[in-house]
Each structure stands twice: as C-alpha cells, then as structure tokens.
Amino acid sequence: MPTYDEIFEKVQTTLVDALGVDDDDVTRQATLQGDLGAESIDFLDIVFRLERNFGIKIPRGELFPENLVADPEWVADGRLTTKGIDELKARLPYADLSKFAANPDVENIGDLYTVDMLVQYVQSKLA
C-alpha cells in the first residue's frame with residue numbers, strides 16, 4: 001500500500017498533465033476549480049487519468065457527485081439545507097466540510113474538490 005506522500009506525488013503529476021499547471025501549484029489545499037482552473041470537462045479527464053495511473057475503477061458520480069442541487073429538500077435560497085449537507089457528507093466522505101458547513105452556499109461546493117480530497121479518495125480505493 002503506497003503512503004499518502006507517494007499517492008500525493010502521483011495525483012500531483014496526474015493534475016499537472018490533465019490541467020497543464022505547474023507542480024508548485026498543486027498543493028494539498030489547492031482547489032481543482034478555483035486554484036487549478038479545472039472545468040467540468042476536465043473532471044472526466046482527471047477520473048480517466050486517476051483510473052489509469054492507479055489501476056482503480058471510479059464509478060460515475062462517485063468522485064464528483066452529480067445532481068447535488070437538484071433536490072428541493074437539499075437546497076433553499078441558494079444554500080444547502082441540513083439535509084443537503086448530510087447528503088453531501090454521504091457522497092463526499094473524503095472532503096473537509098468544516099468550512100463549507102459554516103457557509104453552505106451552493107456556489108461554494110466547488111471549493112470542496114481539493115487535491116487532498118483526491119489523495120484521500122485514491123488512498124481509500126487502494127486500501
């Protein structure tokens with residue numbers, strides 16, 4: 001089983017290749033969209049590259065959940081409800097929701113997708 005640091009280095013290389021960013025930009029806390037400039041189409045490429053580079057299978061919607069804001073019980077006035085946050089925790093168990101829960105605006109969901117979250121996700125798949 002590779003260490004966290006070994007997985008991080010491979011995830012870092014994956015993101016550099018997929019997004020055309022510098023190694024130095026890919027820190028543990030970097031967000032995929034805000035800091036690294038990933039767009040929705042890039043998420044498909046990232047999933048493909050992670051699968052290939054780590055020899056894992058990532059089911060559709062598992063790493064990057066879909067339709068998080070579609071259910072009216074989960075979102076009210078542009079913010080996730082308590083039920084929505086619980087659903088987010090269930091779908092993204094590797095993401096740190098502590099900051100998001102304090103300000104659960106829908107527009108902030110993208111900030112949950114960090115390099116660290118990817119490393120933790122891959123680590124769990126390899127375990």
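The axes of helix 2 and helix 5 come within 12 Å and cross at roughly 45 degrees; axes are lines fitted to C-alpha atoms, for helices over the stretch in contact, and angles run from 0 to 180 degrees between N-to-C directions. Helix 2 is therefore oblique to helix 5, where angles under 35 degrees count as roughly parallel, over 145 as roughly antiparallel, 65 to 115 as roughly perpendicular and the rest as oblique. Ile 46, Leu 50 and Phe 54 of helix 2 make the contact with Leu 118, Val 122 and Leu 126 of helix 5, contact meaning heavy atoms within 4.5 Å. These residues divide into six nonpolar, no polar and no charged; Ala, Val, Leu, Ile, Met, Phe, Trp, Tyr, Cys and Pro count as nonpolar, Asp, Glu, Lys and Arg as charged, and the others, Gly among them, as polar.

The model is predicted: local features need pLDDT of at least 70 and side-chain atom pairs count only at pLDDT 80 or more, while totals for chains, interfaces and linings use all residues. Residues are numbered from 1 along each chain as its sequence is written, and side-chain values use heavy atoms, with hydrogens and water left out. Helices are DSSP runs (H or I, at least four residues), numbered from the N terminus.

| Pair | Axes come within | Crossing angle |
|---|---|---|
| Helix 1 and helix 2 | 10 Å | roughly 140 degrees |
| Helix 1 and helix 5 | 9 Å | roughly 120 degrees |
| Helix 2 and helix 5 | 12 Å | roughly 45 degrees |

Helix 1 spans residues 4-19 and helix 2 spans residues 40-54. Given their crossing angle, helix 1 is oblique to helix 2, and the crossing is right-handed. On the helix 1 side the contact includes Ile 7, Lys 10, Val 11 and Asp 17, and on the helix 2 side Asp 42, Asp 45, Ile 46 and Arg 49 are among the partners. By class, this contact has eight nonpolar, two polar and five charged residues.

Helix 1 and helix 5 are likewise oblique to each other, with a right-handed crossing. Tyr 4, Ile 7, Phe 8, Val 11 and Leu 15 in helix 1 meet residues of helix 5 including Val 115, Leu 118, Val 119 and Val 122. The contact of helix 1 with helix 5 has ten nonpolar, two polar and one charged residue.

A pocket, on a 1 Å grid over the protein atoms alone, is an open set of points where a 1.4 Å probe fits, with protein on both sides within 12 Å along at least five of seven lines; lining residues have an atom within 4 Å of a point. Of its 22 lining residues, Phe 43, Leu 44, Phe 64, Pro 65 and Glu 66 are the closest to the centre of the largest pocket. The lining comprises 13 nonpolar, five polar and four charged residues.

Terms used: Helices (H or I, at least four residues) and strands (E, at least two) are DSSP runs, numbered from the N terminus. A crossing is left-handed if the near helix is turned anticlockwise from the far one by less than a right angle, and right-handed if clockwise.
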